[in-house]
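I opened my notebook for another look through a model, and these are the entries.

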Amino acid sequence: MNLRSLPVIDLAIIFAYLAGMIIIGVYFSRKNKNADQFTTASGKIPGWAIGISIYATFLSSNTFLGVPGKAFGSNWNSFVFSLSMPIAAWVASRYFVPFYRNTGEVSAYTHLEHRFGPWARTYAVVCFLLTQLARMGSIFFGIALSLQALTGYSMESVMIVVGVCIIIYTVMGGMEAVIWTEVVQGVVKTLGALIILVLVVQGMPGGVSRIIEIGQADDKFSLGSLIPDFTQSTFWVVLLYGFFMNLNNFGMDQNYVQRYHTTTSVKEATRSIWLCVYLYLPVSLMFFVIGSCLYAYYQSNPDLLNQVRMQVATERLPGGSSDAIGQLASTLSAADIGDKVMPHFMVNKIPAGLLGLIIAAIMSAAMSTISSGMNASATVFSVDIYQRYIKPDLTAKQSLRLLYIATTMFGVLGMLTGVAMIGVKSVLDIWWMLSGIFAGGMLGLFLLGMIVKKAKNAEAIIATIIGVLVICWMTFSKQIPDEFAALRSPFHQNMIMVIGTLSIFLTGVLITRLKTK
């Protein structure tokens, strides 16, 4: 099946959804008279809308496609990431939200310059922008992966079409369009996931009891080993990674910090964080359930399983002989084909009328996170780079034009990053790895500035250099030659975020104590 052979009703739903997003952008474009309106919607958005908007940003196509793929290929170990959210949300709502609302700064990183000097702000901004490009790229890649299977068009073409639509409504409507489109997208993608779950369970011979039976036999519901081992993806490794990553998201990611300024009060901003947690926890669990149901379904339908294996093998051996492709297909494990299973199920098993809604849900899963990433990146570029180093005295008109150009620029860069990721094994793994590398140093420096009041510029510089060296060592230790194997990092890659953050923070604490004595 491809887009040209999709039933008219499905095509109508897809085009109506895309047109609706652009219309919202056009509607709010009339309000964008200055940079404040574009970046914070002049602080007049209700808390419930912000909560759904933050939830929609969290629930990206990495969740929609990567999580069922991960559950299919391994187990529920990655769900521990979601379980860490309430702890991070409590810390953020207690300390970070009041802090940002009191400073009144729209950029999350201006504070670092006041605290440690211009270098700290620039370092955090570079880390943030790299994290955003990794996030947008992995999401563009994820949506292209599924829509290629559904439409027959190349992954590059899918990225361009979706990317252009996102750029149009994000540039025209600013933050207000981002938030209200995300409210719609949050509803659409939750509905899409529920439909997929119902269809898999209905199509499963033996129903829920058979799914549980197969899942238990193959250890599909495990949250990971409880042994305190940090060399593998145990329960504790994912919990620690999730806590630090979610603290980074809620506490100093511009995507979220910017939204705290769009509400009317601290109370509303705090409420929006908790609404996100209450929505995300059960819905992310649903995606793990979908992955386990798909695993049981494909185990019960070996012909379909072989089709997916052949598809993956053909992609890995372009131009290979049928014997070579067949041989490779027979060696592929569940983890090798996880990301391809849900798109395959959708192509073959979802009836007309519902397929258009599911494609719209996948698009909304990608668009919500990418649009907020573009808006936040443009804000940071405008405030922390252009107005800080190039031209501080911009007029209202120039400032708005700069935001339009920067938003478009980051949208295009996100698409190019997505194209560069074509061919990776697991979209969720690659995003977790890249975000851990870029975000680790940023959070460590921020915590040092907030918690250790006596820490000065020199201590922060030394701590950051040591932390970055630790992050580089852990990231690239696999490249260390075999004769120096003892120098490789023994830790799992998800510990890069944890150890990188703690290296900066604890080194800063130690140096400050020594200097004080």
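Entry: I began with helix 9, residues 155-203, which has 49 residues but end C-alpha atoms only 29 Å apart. A straight helix at 1.5 Å a residue would reach 72 Å, where I take the expected span as 1.5 Å times one less than the number of residues. Where does helix 9 bend? I found a bend of about 125° at Gly174; the bend at a residue is the angle between axes fitted to the seven residues ending there and the seven starting there.

**Entry: ground rules.** I noted that this is a predicted model, with local features needing pLDDT of at least 70, side-chain atom pairs counting only at pLDDT 80 or more, and totals for chains, interfaces and linings using all residues. Residues are numbered from 1 along each chain as its sequence is written, and side-chain values use heavy atoms, with hydrogens and water left out.

**Entry: the whole chain.** I counted 21 helices and zero strands; these are DSSP runs numbered from the N terminus, helices being H or I of at least four residues and strands E of at least two. The C-alpha atoms fill a box of roughly 70 × 60 × 40 Å along the principal axes. For 517 residues a compact globule would have a radius of gyration near 24 Å, and the chain's 23 Å agrees (taken over C-alpha atoms; the rule is 2.2 Å times the number of residues to the power 0.38). Of the 517 residues, 58% count as buried, meaning under 20% relative accessible area, with exposed over 50% and partly exposed in between (1.4 Å probe, protein chains only). Among contacts (heavy atoms within 4.5 Å) between residues at least 6 apart in sequence, 85% join residues at least 24 apart.

**Entry: helix 11, for contrast.** Its 18 residues should span 26 Å at 1.5 Å a residue, and I get 25 Å between the end C-alpha atoms, which agrees. Helix 11 is mostly covered, with 14 of its 18 residues buried.

Entry: Asp219 lies in the loop between helix 10 (207-217) and helix 11 (235-252). Phi of Asp219 is near 55°, a positive value in a residue other than glycine. Most residues other than glycine have a negative phi. Is Asp219 buried or partly exposed? I have Asp219 as partly exposed, at 48% relative accessible area.

**Entry: aromatic rings.** I pair rings of Phe, Tyr and Trp (its six-membered ring) if their centres lie within 6.5 Å; planes under 30 degrees apart count as stacked, over 60 as edge-to-face and the rest as tilted. By this rule I have 19 aromatic pairs. Trp90 and Tyr95 have ring centres 6.3 Å apart and planes at 85°, so the pair is edge-to-face. Trp90 is partly exposed at 44%, and Tyr95 is partly exposed at 43%. Phe243 and Phe244 are edge-to-face too, with centres 5.5 Å apart and planes at 75°; Phe244 is buried at 9%.

Entry: Phe72, Tyr295, Tyr297, Tyr298 and Phe345 form one aromatic cluster. Phe345 sits in helix 16 (residues 334-349) and is buried, at 1% relative accessible area. Leaving aside neighbours within four places in sequence, the contacts of Phe345 include Ile196, Leu199 and Val200.

**Entry: charges over rings.** I require NZ of Lys or CZ of Arg within 6 Å of the ring centre and within 35 degrees of the ring normal. Lys220 lies over the face of Tyr295, at 4.2 Å from the ring centre, and Arg388 lies over the face of Tyr389, at 4.8 Å.
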